[in-house]
Amino acid sequence: MKRRAALIVALATPAAADPAFVDRSATLPERVVYSGDWEHFVGGGVAVFDCNGDARPDMLAAGGTAPARLFVNETPAPGAAFAFRDGGLADITGATGAYPLDLDGDGNLDLAVLRVGPDLLLKGDGTCGFRDATAEWGLVTGDRWTTAFTATWERGRTGPTLVFGHYVDRANPAGPFEACDTNTLYRPEGDRYGAPITLEPGFCALSMLISDWQRKGTPELRISNDRHYYVRGGYEQMWRLDPLAERTEADGWRKVSLWGMGIASADLTGDGLPEVMLTSMGDQLLEINAGDRMEPAPYSIGTYAQRPFVGDDGRPSTGWHAEFGDVDNDGRLDLFIAKGNVDQMPSNAIHDPNNLLMQGPDGTFMEKADVAGVATAERARGAALADFDGDGRLDLVVMNRRAPMELWQNVTEDAGNWIAIEPRMDAPNTRAVGAWVEVRAGGRTQTREVTVGGGHAGGQAGPVHFGLGAEPAAEVRVIWPDGTATGWQHLDAGRIARIDR
């Protein structure tokens, strides 16, 4: 009850107008469809990042058996209709998803591309050009089915530690059931990667996130696993990185088994500790961070979203990508969940609308996807909330299996003020992964962690967005990965502010 009260008090600010979105899918130069048979029942992610330094987010969309596509953002002005051009990416097939990060510390964003087949590391040139640098950087990849990824910069190392999550072991003749593959961790040795380190047991990973969830300066690896294929004996995992060892029930890790598909992490209670949203078939599980453990959120919070909220299909929902973001800039994080049947699974809803759960002043969430116009019912997979036109309102992209990707512009009226913070450091960790950004306004402090991973098969790199409600300015500070912090800086609302170490 104490933590629930904290949630309500910390978020008690006036409500904004209902969210509203306009379909801008036709502005894309090509309507990408995430296609393929059973090896592409999962995956279908989108990476959102600025590949040419013009402060407009670009996108790489996984295509499955079709080629992945890079779309470069040329939207002319804040609030204008979107404009994208084809980025001319060399054909990459078999892609299940991608994550942006600066792998070599040169300041340009690179890409980790997940595939059915050997995974790839693409080096970015800062002008939206990419080349395959997998062998150059010494990454030894096999013919695997990769569906999850995360990364962090461990102290004393020259580059990021990378973790790839693999799904069913396609080489196991007894599969697919109870034939989950193991996962792979790579640590840099100089300017190249060392031998792959196997993480086992594996339980068919579909999402991973390295996060300092206890705020102790020791990030840990969370893995969300698909019960559909591990069948029995599996669970959601947490690994310590140093020394590398899986947490057990003996040291406080409560085993939870679900049809895990996506991870979203954000501080909802205002105590600086990140909560975790886990998508699944059936209930979507929000866990409240109690510091030394995670506790299931009460059903009354409104985030379980276990069945379609419109239509006459009463079978359980299937959740994929989850993402927190302040859609109406009222200072309270909202939650988008991409929904869609695996294919024709009869136990689950076929027409399964996406969720847009808006957080109210009492800390509970209310469904607004139908009001906002984004309650489409294709087989959604990956997604992202990002400000594509630079007007301070978070827009939406949704990837679909066997249906074209969707692009939505946020046109919410009377949205609140906002600010976006982009922390930067010297090499090797130029994008300050592992830092915490704190924004103080209106008597409240909002906290976000800079991470790589989570979601479903796709993530973002870019400014960290905060809604401010009616506040015209905010105080901001960055706590860097080593625990040192900047002083509080007074910044006016309505801007992207870069903070250098």
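This is a predicted model: local features need pLDDT of at least 70, side-chain atom pairs count only at pLDDT 80 or more; totals for chains, interfaces and linings use all residues.
Strand E29 covers residues 395-401 and strand E30 covers residues 406-410. The two run antiparallel, and three bridges join them.

Where do E29 and E30 stand in their sheet? The sheet is open and has four strands, in the order E1-E30-E29-E28, with antiparallel pairing. At the edges we find strand E1, residues 21-23, and strand E28, residues 379-386. Each of these edge strands has a single partner strand, so one side of each is left without a neighbour in the sheet. On average, neighbouring strands of this sheet are turned by 25° against each other, direction ignored.

I now turn to the chain as a whole. Its secondary structure amounts to three helices and 39 strands. How compact is the protein chain? Its radius of gyration is 21 Å, close to the 23 Å that the globule rule gives for 501 residues, so the chain is as compact as a globular protein of that length. The C-alpha trace spans about 60 × 55 × 50 Å along its principal axes.

Next, the interior and the surface. Of the 501 residues, 61% count as buried. The protein chain exposes about 17,700 Å², and carbon and sulfur atoms supply 51% of that area.

Finally, a word on contacts along the sequence. If we take contacts between residues at least 6 apart in sequence, 59% of them join residues at least 24 apart.

How values were computed:
Residues are numbered from 1 along each chain as its sequence is written. Side-chain values use heavy atoms; hydrogens and water are left out. Two strands pair if DSSP finds at least two bridges between them. Axes are lines fitted to C-alpha atoms, for helices over the stretch in contact, and angles run from 0 to 180 degrees between N-to-C directions. The radius of gyration is taken over C-alpha atoms; the globule rule is 2.2 Å times the number of residues to the power 0.38. Buried means under 20% relative accessible area, exposed over 50%, partly exposed in between (1.4 Å probe, protein chains only). Contact means heavy atoms within 4.5 Å. Accessible areas come from the Shrake-Rupley method with a 1.4 Å probe; for residues, only the protein chains shown count as cover.
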